[in-house]
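Thanks for coming. I will go through one model this morning and keep to what can be computed from it.

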Amino acid sequence: MPDATKPDQNGQSMWDRVAASHEFRDLMATKKIFIIPAFLFFLVYYFLLPILVGYAPHFMSIKVWGNLNLAYLFALSQFFMAWTIAGLYVRAGDDFDDISNDIIEKALKHENSKGAN
Amino acid sequence: MSAPLIMFLIFIAITLGITYWASKRSAGSSAYFAAGRQIRSWQNGVAVAGDYMSAASFLGIAGIIAFQGYDGFMFSVGWLVAYLTVLLVIAEPLRNAGKYTMADVLAYRLKPRPVRALASLSTLTVSTFYMIAQMVGAGALVALLLKGSGISYTTAVVGVGILMIVYVVFGGMLATTWVQIIKAILLMAGAFLLSILVMAHFHFSFYAFFDAIGHVTYHDKGQEVVKDFLQPGLRYKPPYGPLELISLGLALIFGTAGLPHILVRFYTVPDAKTARHSVVWAMALIGSFYIMTTFLGFGAATIVGRDFIGTHGGTNMSAPLLAQALAGDIFFAFICSIAFATILAVVAGLTISASTSFAHDFWTNVIHRGTERKPGEEVRVARISAFVVGAVAIAIAILLGPTANVAFLVALAFAVAASANLPVIVLSIFWRRFNTTGAVAGLAVGLLASIGLILVSPSLMAVDPPTVTGAARHLIQAKAWFPLENPGILSIPLGFVGAILGTLLSHEPSSTHKFNELLVRSNTGLGAEKAIASH
């Protein structure tokens with residue numbers, strides 16, 4: 001790879017140029033729309049478990065089916081919550097990869113044409 | 001020769017064969033430290049799961065559930081859900097921007113020497129403490145499982161130690177990864193078979209299974225008690241129980257993504273996409289495993305019972321004793337040998353992450369300012385430090401003895417990872433203003449707060465009655481100053497506050513200027529380290 005950290009005639013390095021590009025902002029926006037809500041949702045959903053178990057043990061001991069209670073079912077649901085978010089993220093990730101690959105291709109082309117001059 | 005010993009010898013023979021195979025493919029830094037970055041997503045996923053599912057999970061959680069019911073299952077939940085932090089926040093940026101260690105990511109925009117020195121110290125602290133906990137557990141367990149075969153605690157510790165050194169020194173990351181994969185598959189198979197046998201015992205009726213959990217009978221101080229083991233509150237009781245649960249949750253959710261031996265795994269794959277897929281593979285395995293702790297733990301509580309386990313080796317023997325009760329001595333031997341394999345693989349993973357950090361961060365980039373003086377020197381230093389780290393862990397484990405209270409070392413490892421490593425990695429990737437002073441302050445405060453709070457916690461500070469003697473006595477004989485065993489609830493915010501205050505109180509334009517480089521690298525993979533094959 002060409003020396004990308006050196007600024008060009010406009011005083012900008014490859015990194016600054018890419019960071020300011022439309023495609024990169026697009027990538028960051030696409031990522032944020034998924035990652036921030038997903039992260040916050042999982043934090044709230046997960047910490048509800050120790051909070052409810054710790055501070056409302058009687059509520060969590062309510063039996064749902066035979067001896068099976070809310071506490072166990074809610075704990076079990078955490079596994080499926082985690083798997084679901086992971087599955088959705090992998091699907092969203094394909095979009096990130098497409099945009100990233102475009103950005104990389106463009107940046108390298110730009111650097112190579114600069115080197116050829 | 002006993003059956004567990006024979007099965008364990010077979011495992012040793014196979015893994016040594018792999019080590020020999022890997023040793024011929026481990027020339028060069030990238031091959032030695034990162035398995036040439038050629039590991040596939042499923043392979044890395046299984047290896048991550050293997051690194052994570054230590055004997056503490058397999059034997060420890062089954063034991064806690066068998067003795068304290070539902071509250072033990074809370075560990076199981078946290079240990080899987082924590083991978084969402086790894087998946088959403090850490091794995092891809094780390095793979096894109098780093099080379100061999102977590103400090104690589106910090107070194108892009110911050111002053112490399114102070115940051116690497118402290119990050120390396122934190123890595124070594126986490127790995128060594130975690131390793132000592134595993135070794136003491138291993139020694140006690142091996143001596144117990146192989147009772148009658150003449151293997152003592154010391155022999156067991158030395159044996160486990162030598163094997164882990166051999167894997168790491170000769171086979172590098174490639175051998176460690178494959179040892180991890182084999183062990184994870186064995187562990188999953190063992191847990192699955194045990195679960196099926198437990199359900200067969202209840203004629204495959206979940207209703208009957210949960211019904212039995214509803215009235216577990218055992219003796220407490222001579223009195224017969226009947227308890228509903230599915231009800232919360234057997235372990236975490238007021239006044240501090242609820243806070244302890246939340247603090248444990250915080251340590252798991254933020255600590256897992258800061259465990260050095262997990263982080264290094266993401267450097268072994270070709271790119272960020274593979275890293276992402278490998279986390280999902282790991283989550284599939286880890287989740288299935290921890291759901292199965294329901295059958296292992298509650299199965300042991302209902303089928304074997306607390307009374308019997310208590311007089312036949314204690315909590316850690318719950319899963320093996322369950323195997324014996326359900327399918328006899330050969331299955332007992334199989335489960336025991338899986339437990340050995342688990343311990344061995346995890347200590348090998350810890351050793352390679354510790355020695356990589358020492359060689360790459362401390363030797364090459366702190367002492368010698370970022371230049372490898374001779375080709376191959378970094379790998380040579382790593383091999384020597386793997387040897388030293390292993391020898392130190394063996395010595396300390398022998399010194400502490402089989403009855404030492406080491407459970408707090410695992411809590412400490414997670415606390416340091418969550419309070420020192422994670423805040424600094426996250427702020428470095430996401431906060432433009434973040435700088436070297438902030439990183440140094442965050443690492444130092446997180447490290448000191450975790451160690452300090454654990455020193456004055458009930459794990460190390462309590463008043464024992466005179467009947468408690470030797471290694472089982474608490475280190476400080478006074479009432480604990482900090483009421484929780486898990487310091488996360490206080491030490492994680494302290495780590496973040498240290499990092500943020502350090503940043504705001506200092507000025508370092510260069511770290512802000514170079515933020516764009518890290519931002520672009522970590523998010524797109526532009527300029528990321530390539531797999532060996534593509535060269």
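A definition to begin with: the expected span of a helix is 1.5 Å times one less than its number of residues. Helices here are DSSP runs of H or I of at least four residues, strands are runs of E of at least two, and both are numbered from the N terminus.

What you see is a predicted model, in which local features need pLDDT of at least 70, side-chain atom pairs count only at pLDDT 80 or more, and totals for chains, interfaces and linings use all residues. Residues are numbered from 1 along each chain as its sequence is written, and chains are lettered from A and ligands numbered from 1 in the order in which they are written.

Take helix α3 of chain B, residues 41-52. Its 12 residues reach 16 Å from first C-alpha to last, close to the expected 16 Å. Of those 12 residues, 10 are buried, where buried means that 20 or more other C-beta atoms, placed from the backbone, lie within 10 Å of the residue's own. The buried ones include Q43(B), D51(B) and Y52(B). They pack against α9 (153-201), α12 (260-263), α13 and α15 (318-367) of chain B; contact means C-beta atoms, placed from the backbone, within 7 Å.

α9(B) also packs with α1(B), residues 3-23, at an angle of about 105° and with the axes 8 Å apart. Axes are lines fitted to C-alpha atoms over the stretch in contact, and angles run from 0 to 180 degrees between N-to-C directions. So α1(B) is roughly perpendicular to α9(B), a label for angles of 65 to 115 degrees. Among the residues that meet are I14(B) and I18(B) from α1(B), and F170(B) and W178(B) from α9(B). By class, this contact has 13 nonpolar, five polar and no charged residues. Nonpolar covers Ala, Val, Leu, Ile, Met, Phe, Trp, Tyr, Cys and Pro; charged covers Asp, Glu, Lys and Arg; the others, Gly among them, are polar.

Now chain A. It has four helices and two strands, in the order α-α-α-β-β-α from the N terminus. Of its 117 residues, 25% count as buried.

How many residues of each chain are in contact at the interface? The count is 42 from chain B and 45 from chain A. Elements of chain B supplying at least two residues each include α5 (70-81), α6 (83-97) and α21 (515-524). α13(B) gives the most, with seven residues. The chain B side divides into 26 nonpolar, 12 polar and four charged residues.

Note on methods. Contact = placed C-beta atoms within 7 Å. Parallel < 35°, antiparallel > 145°, perpendicular 65-115°, else oblique.
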